[in-house]
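Please go through the structure shown here with attention to helix packing and charged side-chain pairs. A short report accompanies it.

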Amino acid sequence: MTVMCDGRQTLTAGRAARELELRSGEFELAVQLGEVRTIPAESGDRPGGTATPVRRRVPAEEIARLQAEPGFPEALRERIRTVGTNEAAALMGIGPGRALRLTRAGCFGPVRFYVNRYGAVVWLYLASEVAEFADREPGLLRGGTPTAMRVMLDEGQDWRARQWRSRRVAQLMGQTEDPWESAAAIAAVLPPEELASVADNPLERTLLRRLRPTLARVLTATAAARETVERVLTADEFDEVLWYRVNLARALERARGEEPARLRTAAAAATATHPGQPSSFLNSPSWDGRTRPTAP
């Protein structure tokens, strides 16, 4: 369906994907990577100051721009093509074991993941980034592993989930100018107790919860798979958690200064949803619960 947004013709995500000859997952990744530009379905202040994230649409001129590119649609598909560890190893001309060590060391980060039938996380990387790394760092593809990297790996460090979270939060923050939505993107990867210690106002946590973006759409058939996904979504190492805490504190300070009225809206929405509940209810663990990823 095509509608007007700010005087411009725009398409829904489904229609845009069909026009670009992309599957839904490919289109979603293209948007996340900035290959397909989107705009808010609504602009300006939300009607009634709602706390719901604004949906996004694709401008018709963006579709026309991509369709006019040489090699469309294959060129677009190639820019968003993902590979697993074995395919990445083949691209670099090295063994899968060495490729795995390079990914664990953070030499290049994943853009997607899924949980296989054995309950293990399978990471996917942009083929273009793998090729760029191989061209940039040929010394890491052959010979001995640098001492610092070897020590890190021997200690069991694995940067894959951390790099995915960092990229995803940056993507979400880049899609919005709303200060509360930016704060919600950072809050989404913090453990509940860490979030509560930074946002000690229960109304702020309510608002952040309502604005919480979808970090990943991962099909999970079992409770164990859901727990696995939750671990990927949540920062755990001390320094990473600290980094997000500091940045959330800064984001909340900005949001409080620019849009203080949004808290009143959150309070009204919470009261309407749970009439008669005492104010302490807003500070209960259920309001800090994390949203599970859903299947596409």
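**Overall make-up**

The model is predicted. Its secondary structure comes to 15 helices and seven strands. The protein has 296 residues, of which 42% count as buried. Among contacts with a separation of 6 or more, 74% are between residues 24 or more positions apart.

**Helix α7**

Helix α7 spans residues 127-136, and its buried residues are A127, V130, F133 and A134. Viewed down the axis of α7, these buried residues fall within an arc of 125°, so they line one face of the helix. D135 and R136 are exposed and sit on the face of α7 turned away from the buried side. The cover over the buried residues of α7 includes two strands, β5 (82-83) and β7 (121-126), together with the helices α5 (85-92) and α6 (96-104).

Two packed helices are described by the angle between their axes and the distance between the axes. Helix α9 (residues 160-174) packs with helix α13 (residues 223-233) at an angle of about 70°, and their axes are 8 Å apart. An angle from 65 to 115 degrees counts as roughly perpendicular, and α9 and α13 are therefore roughly perpendicular to each other. On the α9 side the contact is made by A161, W164 and R165, and on the α13 side by R231, V232 and L233. Sorted by class, this contact of α9 with α13 has four nonpolar and two charged residues, with no polar ones.

α9 also packs with α14, at an angle of about 10° and with axes 12 Å apart. Angles under 35 degrees count as roughly parallel, which makes α9 roughly parallel to α14. Here R162, R165, S166 and V169 in α9 meet D239, E240 and Y244 in α14. The residues of the contact of α9 with α14 divide into two nonpolar, one polar and four charged. R165 of α9 takes part in the contact with α13 and also in the contact with α14.

**Salt bridges**

Side chains of opposite charge can pair when their charged atoms come close. The structure holds 20 salt bridges.

| E26 (18%, buried) | R23 (60%, exposed) | 3.2 Å |

What places E258 and R254 together in the fold? Both lie in helix α14 (residues 238-258), four residues apart, about one turn of the helix. Beyond such pairs, salt bridges that share partners join E35, R37, E62, R65, E69 and R79 into one network.

Notes: Residues are numbered from 1 along each chain as its sequence is written. This is a predicted model: local features need pLDDT of at least 70, side-chain atom pairs count only at pLDDT 80 or more; totals for chains, interfaces and linings use all residues. Side-chain values use heavy atoms; hydrogens and water are left out. Buried means under 20% relative accessible area, exposed over 50%, partly exposed in between (1.4 Å probe, protein chains only). The arc is that of the directions from the helix axis to the C-beta atoms. Contact means heavy atoms within 4.5 Å. Axes are lines fitted to C-alpha atoms, for helices over the stretch in contact, and angles run from 0 to 180 degrees between N-to-C directions. Angles under 35 degrees count as roughly parallel, over 145 as roughly antiparallel, 65 to 115 as roughly perpendicular and the rest as oblique. Ala, Val, Leu, Ile, Met, Phe, Trp, Tyr, Cys and Pro count as nonpolar, Asp, Glu, Lys and Arg as charged, and the others, Gly among them, as polar. A salt bridge is a side-chain nitrogen of Lys or Arg within 4 Å of a carboxyl oxygen of Asp or Glu.
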